[in-house]
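Here are my notes on this model, as numbered points. Please read them with the structure open.

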Amino acid sequence: KVSRAETLPPRVEATSLLNVSMMQDRFLPLALIIAGCSWITLGLPSSPASLAATCLDGEACDAGSGLGLLQKLASPSTAGQTAKLSRADAPLGTRAAEARKGALDISLTPCTPEDFASKDLDLIVYGATGYTGKLAAAYLAKGHPRHPRWAIAGRHEEELNELRETISSGPADRPTVLVADLQDENALRAMTSRAKVVLTFAGPYRKYGGENLISAAIATCTHYADITGEGPWKAEMLEKHGESAKARGVAIVQAVGLDSMPADILATRSAEMLASDGFGPPTDITVMWSKFNGLMSGGTKAAGEDSMLFGASIPDKAHTFALAPETPEEARLDSVPGGVPAHLEGPSLMGYDANFSQFTVPYFMGFLDGPTVRRSLALTFPGAPIHFSEVMGQSVMTEMAKFFTDPMMLLDPPNLDPAPGEGPPQWVLDKGGLAGQGLAVRGAPHAAEARLHLECHGDPGYAATSKWSVEFAVQLALEGPKDGAGGYLTPTLALGAETLVQLLSEANSGNLCSFWEGSAQKPEGQEGA
């Protein structure tokens with residue numbers, strides 16, 4: 001066994017050039033990494049929404065709408081009806097100016113339990129007509145065992161109504177339809193005022209005005225969640241809205257899909273398991289993926305391109321701790337977002353890892369997951385110097401080679417250059433999967449380790465992400481954030497790592513994910529993926 005605490009120097013430096021190439025590989029075919037496979041394309045799991053800058057009633061949008069709709073909201077619609085939210089539902093003219101003048105005071109007033117309890121909806125799925133949004137809406141429409149009150153929302157009323165008819169089996173299970181433009185702050189706030197949680201799939205988030213939805217959520221005491229992988233934009237949202245969300249008691253939770261909830265769960269929960277012996281947190285955490293079968297959507301491609309352009313000038317070290325500014329300088333042990341693991345012959349990006357009995361290489365989404373995980377660790381174990389790295393083992397190559405030689409590749413080949421709104425064919429959604437483990441290690445004098453394994457069914461970026469994010473949002477809506485805390489949170493900070501393990505283990509009638517501790521083999525008879 002190799003412990004970083006015993007073999008590594010306090011800091012591990014790596015070249016920016018290599019990290020840039022890792023970022024590029026995140027969106028390009030991974031032929032140079034995955035030997036034996038001709039291609040793999042996987043990107044940031046987000047789905048596009050066709051969003052325009054005109055308001056719903058045809059007037060020019062006024063970016064400076066006010067908060068008067070907190071007192072004057074659109075009349076609640078009954079389940080199955082359509083509510084078109086426009087400027088008529090919000091203050092205009094001098095009322096808007098007055099509301100803007102008092103916005104700061106209102107935004108820092110703590111939300112009360114009554115503010116959340118008074119909502120007529122538990123959950124809004126925004127961007128529901130995009131590729132992943134449709135999957136999420138269909139999952140909810142099957143009948144969630146916790147029976148949340150929910151709505152689908154977006155800009156195009158006709159498409160939303162068509163989606164409702166497609167996913168509903170009868171009048172009783174039809175979701176409410178809400179229409180609001182991301183460029184119309186009044187409409188957004190009238191919409192978010194009705195729900196405890198808004199879960200949005202409308203990406204690329206930065207490009208299409210996702211910040212407006214975050215602002216609306218904070219203003220109207222509504223928790224917010226998305227599946228973005230746009231790292232630089234996330235750091236900007238933390239800086240701009242973290243404190244106001246905390247003051248309001250509103251949870252802003254980004255990355256509740258493939259980016260970056262699985263890694264966050266494995267890293268944080270394995271660390272908690274180790275620290276439960278009373279001898280302190282780990283000194284080293286590694287997340288190793290052993291299986292990754294999935295493809296890319298058009299929305300993912302667009303989000304990746306926008307994110308890379310937006311964050312191209314951010315140095316590796318700044319990006320590594322961009323979501324964990326609370327980390328003291330002496331505890332900032334990693335210099336690249338994906339980390340550098342301890343291999344048999346010392347720290348290196350590639351090599352044989354005795355802890356996993358596999359040759360490992362950098363995980364192509366490590367630069368996205370790393371900052372999120374470090375925020376969880378920084379706030380769970382304040383001031384603790386913890387190395388984190390994320391890799392994929394040689395078994396990923398073996399599993400992917402089998403996946404890409406499936407006969408369906410010839411019968412129903414995927415589009416390698418999907419347009420926005422397009423994604424992997426159904427067979428990929430069904431046959432895809434994800435497996436990995438989190439290893440937390442503590443060096444002498446109280447050396448110990450803890451392992452948590454995960455195996456999930458379905459294409460990780462879409463089939464699984466749509467279900468993970470819905471389960472997260474339903475739990476957040478019905479139970480609220482852990483300890484009632486608001487602010488800019490990670491998935492594990494918002495709900496708790498142990499809660500998420502239980503939640504995903506039970507989801508989809510126990511057929512979504514399996515978790516187990518210690519042994520590398522799944523216990524016999526365990527249900528799940």
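1. Start at the surface. This is a predicted model. In it, Leu-344, Met-350, Tyr-352 and Phe-359 make up a nonpolar surface patch. Together, these four side chains' residues have about 400 Å² of accessible area.

2. Is Leu-344 buried or exposed? Its relative accessible area is 53%. Exposed means over 50%, so Leu-344 counts as exposed.

3. Now the sheet. An open sheet is built from 7 strands, with mixed pairing. The order reads E13-E14-E15-E10-E16-E17-E19. On average, neighbouring strands are turned by 30° against each other, ignoring direction.

4. Look at the E19 end. Strand E17 (residues 448-457) pairs with E19 over 5 bridges, in the antiparallel sense. Within this pair, Leu-452 is opposite Glu-517 of E19.

5. Two helices deserve a check. Which strands does helix H12 (residues 261-275) lie across? They are strand E10 (284-293), strand E15 (387-393), strand E16 (433-442), E17 and E19. H12 runs at about 150° to E17. Helix H21 (residues 497-510) also packs on the sheet, where it touches E17 and E19. The direction of H21 makes about 135° with that of E19.

Technical notes
Residues are numbered from 1 along each chain as its sequence is written. This is a predicted model: local features need pLDDT of at least 70, side-chain atom pairs count only at pLDDT 80 or more; totals for chains, interfaces and linings use all residues. Side-chain values use heavy atoms; hydrogens and water are left out. Two strands pair if DSSP finds at least two bridges between them. Helices (H or I, at least four residues) and strands (E, at least two) are DSSP runs, numbered from the N terminus. Axes are lines fitted to C-alpha atoms, for helices over the stretch in contact, and angles run from 0 to 180 degrees between N-to-C directions. Contact means heavy atoms within 4.5 Å. Patches are made of residues with over 30% relative accessible area and no salt bridge: like charges are joined within 9 Å, nonpolar side chains (Val, Leu, Ile, Met, Phe, Trp, Tyr) within 5 Å. Accessible areas come from the Shrake-Rupley method with a 1.4 Å probe; for residues, only the protein chains shown count as cover. Buried means under 20% relative accessible area, exposed over 50%, partly exposed in between (1.4 Å probe, protein chains only).
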